[in-house]
Amino acid sequence: MEKYGRLTLPTDLDVIDQTIELKNKLGADAIRDCDGTDMPQELMNLDAKIYATYYTTRKDNEWAEANPDEIQQEYLITDRYTARDTSLTIELMKGFHTQQLKVNDIDDPKRWWEVIDRTTGEVVAVDQWEFNKEVGAVTISTIPYHEYTVSFLAFLIWDPVHMYNFITNDWKDAPHQLTFDVRQPKTKEFVKDKLRKFCEENKHVDVIRFTTFFHQFTLTFDDQKREKFVEWFGYSASVSPYILEQFEKWAGYKWRAEYIVDQGYHNSLFRVPSKQFKDFIEFQQIEVCKLAKELVDIVHGYGKEAMMFLGDHWIGTEPYGKYFETIGLDAVVGSVGNGVTMRMISDIKGVRYTEGRFLPYFFPDVFCEGGDPIKEAKDNWLQARRAILRSPLDRIGYGGYLKLAVEWPGFVDTITQVVDEFRQIHDLTKETKAYTSPFKVAILNCWGSIRRWMNNQVHHAIWYREIYSYVGIIECLSGMPIDVEFINFDDIKKGINPDIKVIINAGTAYTSWSGAENWIDEEVLTTIRKWIDNGGGFIGVGEPTAYQYQGKFFQLSDVLGVDKEVGFTLSHDKYNTVDPNHFIVEDIEGEIDFGEGMASIYGHGENYQIIRQHKEFAQLVTNTYGAGRSVYLAGLPYSPQNCRLLLRAIYWAAAKEDEMKKYYVDNVNAEVAAFEAVGKIVVINNSLDALDTHLYVEGNLREKLRLAPMEMRWLDI
């Protein structure tokens, strides 16, 4: 196996010799700079591609200061304040960080702001409030004891990512980087000219790594420099009167601040998206992708590659949107936090290659006393590796301060193993696809394909108590032998793809993931019921199909065999009986981890089987519905055991149990992938301990294997 290529390393001015040494040891073929580092002149002539991190929206305070009207803007909403008289004054910037944000007092507030009576939900007429520019406050004529908010525009006078890096790394001397809005007329031409000049003056640069294009995801700090609101998918910082006037012409209706601030929820990904918000996303994608193409064309004109970082200012460039491929990018790179985020990158179409930036990032918040970067690197690889076998990245890399990594004992040896195994996967599979089941599984929610591999996430792969029980589903699926589709409720109405044999609906009630009011849509309900009745499989996790309506909470309780007690039927007796034996749990030893679980779930109907129960509440239930089958799970965090549980549940729901052991291992901490086109099988140990497992091929026992910790064993079919 050739130990060269497919790897990008960071560098800096103080690690020139270490960069060369590590490049040779690991066989890196690309070198990059990062935010806060510089590319040394001494490395320009290395036998490696040179990546230049390029910022279209910052690192030029002189331009931003000279054009204050074209600094980027964000919609903010104040806290709710209760009027105790007929007048109320609200200080706009209270609770926000005034070094990051500044009230837009240039554009007409009566045109672009909104004052709302949150007790009634009514908009307060513009002649009933006044903005005092000198004190930065709005005074409202009020109804006593009603609550009020002000939604207003603010300039982003400190780039949020630079602010985050500044705080995380405790930078002292670096000036705060202002933002500027590339969508604005003067700045647009300035940025294009600046890019041409950069390309001309940096002939040594092979790859322009856009970080990213124009609009930052919503990252707002409070007055103590803590993160106040973060929405990796948020559009709150993609606004300006210039942009919104164009939107009004495109959409055909008048803009409202409420379309963005959304009662203070800021259109979190968990909210069922409104028509207006979906319109705005569509409009922004069209315009952002069109302008991004102009920059990419400039880069190509100088014979360089254009790469997009899937993060930072990525709003409008959603890789699963309708317009992404029109940009003409050569590559996308993104942070790999686990199997889900790996698939989010590797499944992208319309680019020549994909690259994953592996963890840990070489920042002092991990490489410090009490930190464990070696364990983080191992855990990151174990989750990413199983997904890479299903949908491989073309390249991997690391970022941050290289000095931290090379000086940490044993860390370089750990990433050497990662890099070697990554190359081995490519060498032995020869770009062929691993075997997948003869049917597809669909994830059903309000977003569908535009948020592929993005379900139930808050920050980018950050753990939250409220979501880990659901994120585990797509994390498990990311490395399973299953082709996964992501569909929304409109897709259901158009007709369910016949290749789909199992639909999964998972999430908390009234969120976009569960579906909320979509579950009282007659067409949705009848289409799915008929499909299941004719042999389809349905898996619900948490509060699937949930919406209180017509005497029940789970609108497909007849399909699921369970409903949730919400306090209305406590006088109705319920008799749950557990039968723990089932195909789904045959490999499962010990307790099942249902995460946060779900209280008050009871059997419903005549055909259900409760397999696991906590006290009197059902946790794992199967049901039959005509020729179809369903499975209910109270939660499913990621773990190797739960991956096996979900695999068996999918095959049972699809009524394909006999096909599950085509390629199979019986130890839940191991998995197998088969590459039939090249005659190879790989068995991976997903744990840090040695294990024994039996390998099955075509349902027959082939051999017993002993795997070392984290081992990846290749066999001939």
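These legends accompany close-up views of a predicted model.

**View 1. The largest pocket lies between domain 1 and domain 2.** Let's start with the open space: the largest pocket holds about 1,400 Å³. Its lining is made of 48 residues, and those closest to the pocket centre are Ser335, Leu359, His460, Ala461 and Ile462. Because domain 1 (7–60 + 182–234 + 245–255 + 272–429) and domain 2 (440–659) both give residues to this lining, the pocket sits between them. Look for helix H4 (160–168), strand E15 (227–231), helix H10 (373–388) and H13, each of which supplies at least two lining residues.

**View 2. The largest cavity draws its lining from domain 2 and domain 3, among other sources.** Searching the whole structure turns up four cavities of 30 Å³ or more, and the largest has a volume of about 220 Å³. It is lined by 21 residues, with Arg390, Pro481, Leu647, Tyr663 and Val672 nearest its centre. Domain 2 (440–659) and domain 3 (663–716) each contribute at least three residues to the lining. Among the secondary-structure elements, helix H17 (640–653), strand E31 (663–665) and strand E32 (670–675) each provide at least two. The lining residues of the largest cavity comprise 16 nonpolar and five charged, with no polar ones.

**View 3. Helix H13 gives the most to the lining of the second largest cavity.** This cavity has a volume of about 50 Å³. You can find its lining at Ile443, Asn455, Asn456, Tyr470, Ile473, Ile474, Ile504 and Ala506. Helix H13 (468–478) and strand E22 (500–507) supply at least two of the lining residues each, and H13 leads with three. Here the lining splits into six nonpolar and two polar residues, with no charged ones. A helix to keep in mind from View 1: H13 also supplies at least two residues to the lining of the largest pocket.

**View 4. Three strands form an open sheet with antiparallel pairing.** Reading across the sheet, the order is E6-E11-E10. Strand E6 (87–91) and strand E10 (129–132) are the edge strands, each pairing on one side only. Ignoring direction, neighbouring strands of this sheet are turned by 20° against each other on average. Zooming in on one pair, E10 and strand E11 (residues 137–141) run antiparallel and are joined by four bridges. A handy landmark is tryptophan 129, which stands opposite isoleucine 140 in E11.

**View 5. Two stretches of the chain carry domain annotations in UniProt.** For residues 5–436, the unreviewed UniProt entry gives the feature "domain: Lacto-N-biose phosphorylase-like N-terminal TIM barrel". In the model, this stretch is 32% helix and 20% strand, and its end C-alpha atoms are 28 Å apart. For residues 440–658, UniProt (again an unreviewed entry) lists "domain: Lacto-N-biose phosphorylase central". Over residues 440–658 the chain is 21% helix and 27% strand, with 16 Å between the end C-alpha atoms.

Definitions and conventions. Residues numbered from 1 in each chain as written. Predicted model: local features only at pLDDT ≥ 70, side-chain atom pairs only at ≥ 80, totals over all residues. Heavy atoms only, no water. 1 Å grid on protein atoms, 1.4 Å probe; cavity = no way out; pocket = protein on both sides within 12 Å on 5 of 7 lines; lining within 4 Å. Points joined across faces, edges and corners; volume = space filled by probe spheres on them. Nonpolar A, V, L, I, M, F, W, Y, C, P; charged D, E, K, R; others polar. Domains from an automatic or database assignment. Pairing = 2+ DSSP bridges. Axes fitted to C-alpha atoms, helices over the stretch in contact; angles between N-to-C directions. UniProt positions renumbered as here; feature names shortened; annotations may be inferred.
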